[in-house]
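Trainee: I'd like to learn how to read aromatic contacts in a model. Can we go through some together?

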Amino acid sequence: MKQLKVIDMTKTFGEKTLFDHVDVTISEGERIGLIGVNGTGKSTFLDCIAGISSGDTGEILKPSDYTIGFLRQNPPLDEKVTVLEAVFAGETRNLRAVREYERVLLAMEEEQTEAIHEHFTRAQAEMDATNAWDLNTEAKTILDRLGVKNLKAKISELSGGERKRAALAQVLIETPDLLILDEPTNHLDFTTIKWLEDYLTRFKGAVLVVTHDRYFLDRITNHIIELDYGKLYRYVGNYESFMESKAIRLENEVRESEKNRNLYRKELAWMRRGAKARSTKQKARKDRFVDLEDKVKTKTNDAKLELDFKTSRLGNDVFLLEHVSKRFSEKVILDDFNLLIKPGERLGITGKNGTGKSTLLNMLTGQITPDTGEITTGQTVNIGYYTQQNTELDPDKRMITYLQEIGNEVKTTQNETISVSAMLERFLFPKEAHGKLIGSLSGGEKRRLFLLKVLMSAPNVLLLDEPTNDLDTETLTVLEDYLETFNGTVITVSHDRYFLDKIASKLLVFKGQGITEEYYGMYSEYLEQASDETPKKVVPSKPKEEPEVKKEKVKFSYMEKKEWAGIEAAIAEKEAQIVTLNEELQETGADFTKAGDLSAQIETAEADLLHLYERYEYLSQFAN
């Protein structure tokens with residue numbers, strides 16, 4: 001079994017420690033999700049694993065023939081090459097053979113000459129010699145499912161989404177030992193994401209993925225690694241299992257922290273009485289006090305992102321769109337479109353890229369005017385617009401100055417006044433970083449700062465354009481909780497199934513060429529219905545025969561009699577086993593591997609108990 005091992009690695013960035021003496025082993029067949037708040041070093045960690053950068057200390061051990069494929073969030077593809085040259089860029093002999101074979105096929109579409117036919121014959125021979133036909137078939141399947149059609153196009157001619165899909169095709173075709181994927185579902189539609197989930201589930205190598213798509217994360221992973229304040233925590237299981245195990249870890253840490261604080265108070269009282277280190281016992285006690293002090297301070301400094309902003313009053317009118325039409329050249333965005341948006345509404349806008357979703361938001365804010373029709377905005381509407389671009393973030397401006405453009409303090413729903421500095425700390429920006437230039441922040445940190453400014457403006461209508469693209473899962477979870485209690489109206493453009501399922505009660509689906517569809521319900525349900533377009537084959541059934549009347553059962557069989565005699569004891573034993581397992585789970589502490597194993601045992605035991613209950617109910621009817 002091939003493995004990659006990270007041993008005792010440390011990496012700092014300025015005064016910030018991204019990871020501190022971390023160890024991790026990645027084994028063949030493991031599909032690992034990497035989770036952490038933006039700015040904690042996830043991208044740097046991926047770069048170190050991929051060999052693009054290195055740690056300040058530590059090492060990475062792997063076999064000499066170990067291969068790594070890395071899909072970066074913004075893939076650095078050569079602008080001058082064609083899609084064909086990019087996706088078959090590997091230098092193994094069979095990849096070179098496929099690349100040349102496909103190149104000759106494209107040339108034959110342009111002209112048929114004797115020289116090209118001879119070249120084609122040589123390319124076929126090389127495909128035979130390297131046994132590359134299976135690779136070519138698999139590559140064609142990958143390209144087709146990812147929507148990479150025009151192999152002759154230059155990379156410079158592609159959109160951002162097309163580049164990402166071409167880069168994803170490249171790393172999948174190479175079939176490396178370790179596949180590193182940074183936000184692979186961006187720019188993919190639901191059908192393609194489902195295909196990618198199935199592909200990665202069957203992938204024989206190891207997978208390390210960073211993604212905001214929590215449904216995707218839940219379905220493909222069997223391990224989760226959390227990067228938290230320089231430390232790595234490993235959990236067995238998928239995203240759901242991780243959430244359960246993390247809750248246990250945090251609960252145990254709270255108990256441990258409280259125990260440390262109580263002991264710290266006692267030790268502090270002892271120190272203040274002027275104890276002198278004249279004995280070994282007293283010296284050891286002083287050392288213990290210093291250790292406890294460090295632990296208490298560490299726990300005290302642990303921040304939790306909180307969203308609590310007072311909103312301005314919203315009247316009865318929000319937006320009314322009447323007979324609105326908009327087009328760009330030959331591209332129709334809206335055609336005689338009507339929409340009423342009410343106070344408190346939760347509208348999710350989704351659909352294919354380039355169909356005009358962001359254009360609609362820009363029309364609601366007045367940045368773009370319709371060609372025909374009218375958009376009426378309520379007099380009390382105060383819009384907070386979270387755009388895809390950080391257009392308002394001046395890289396030469398300091399964080400605290402940027403927020404002070406809104407004001408020096410904000411009000412919470414409880415009428416509590418909070419300073420800008422305190423709000424930055426709530427948003428996981430430590431006090432010593434408040435004077436940092438915006439240009440020095442990571443992409444995710446910039447997005448979090450931008451979100452903070454939008455919410456500080458006390459909007460009563462929130463327009464969110466793809467909010468899940470650059471926010472980490474923890475920030476998204478807190479944002480979702482906030483939106484559930486937000487008093488105003490929320491209109492969000494997104495492809496994220498998990499986010500829309502939690503936030504939107506109504507969907508506006510852009511189909512393209514001005515066609516829209518309204519849907520009431522969950523986004524995942526809509527996608528399942530939309531993807532199920534294949535008509536089911538109707539098989540003619542044989543004429544029904546008169547059913548045979550079976551004699552009603554009135555007593556136990558021999559085996560059922562034995563089962564009934566012991567079933568109550570079996571139920572009691574299984575119930576006791578579940579109690580014991582739950583007690584062990586509560587005592588696992590920070591042993592998350594053991595916690596995962598115990599959770600799996602509890603799930604199995606509960607299924608067994610349910611089966612016993614069902615058997616008891618069935619057998620009891622023959623007991624008398």
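Trainee: Let's start with Y101: is Y101 buried or exposed?

Mentor: Buried means under 20% relative accessible area, exposed over 50%, partly exposed in between (1.4 Å probe, protein chains only). Y101 has a relative accessible area of 10%, so it counts as buried. W133 comes out at 28%, so that one is partly exposed. Keep in mind that this is a predicted model, where local features need pLDDT of at least 70, side-chain atom pairs count only at pLDDT 80 or more, and totals for chains, interfaces and linings use all residues. Residues are numbered from 1 along each chain as its sequence is written, and side-chain values use heavy atoms, with hydrogens and water left out.

Trainee: How many aromatic pairs does a search of the whole structure find?

Mentor: Rings of Phe, Tyr and Trp (its six-membered ring) pair if their centres lie within 6.5 Å; planes under 30 degrees apart count as stacked, over 60 as edge-to-face and the rest as tilted. The search turns up 11 aromatic pairs. In one of them, Y101 and W133 have ring centres 5.1 Å apart and planes at 80°, so they sit edge-to-face. Y101, F120 and W133 form one aromatic cluster.

Trainee: And Y482 with F486: what kind of pair is that?

Mentor: Their ring centres are 5.9 Å apart with planes at 45°, so call it tilted. Both Y482 and F486 are buried.

Trainee: Which ring does R448 lie over?

Mentor: A charge sits over a ring if NZ of Lys or CZ of Arg is within 6 Å of the ring centre and within 35 degrees of the ring normal. R448 lies over the face of F429, 4.6 Å from the ring centre.
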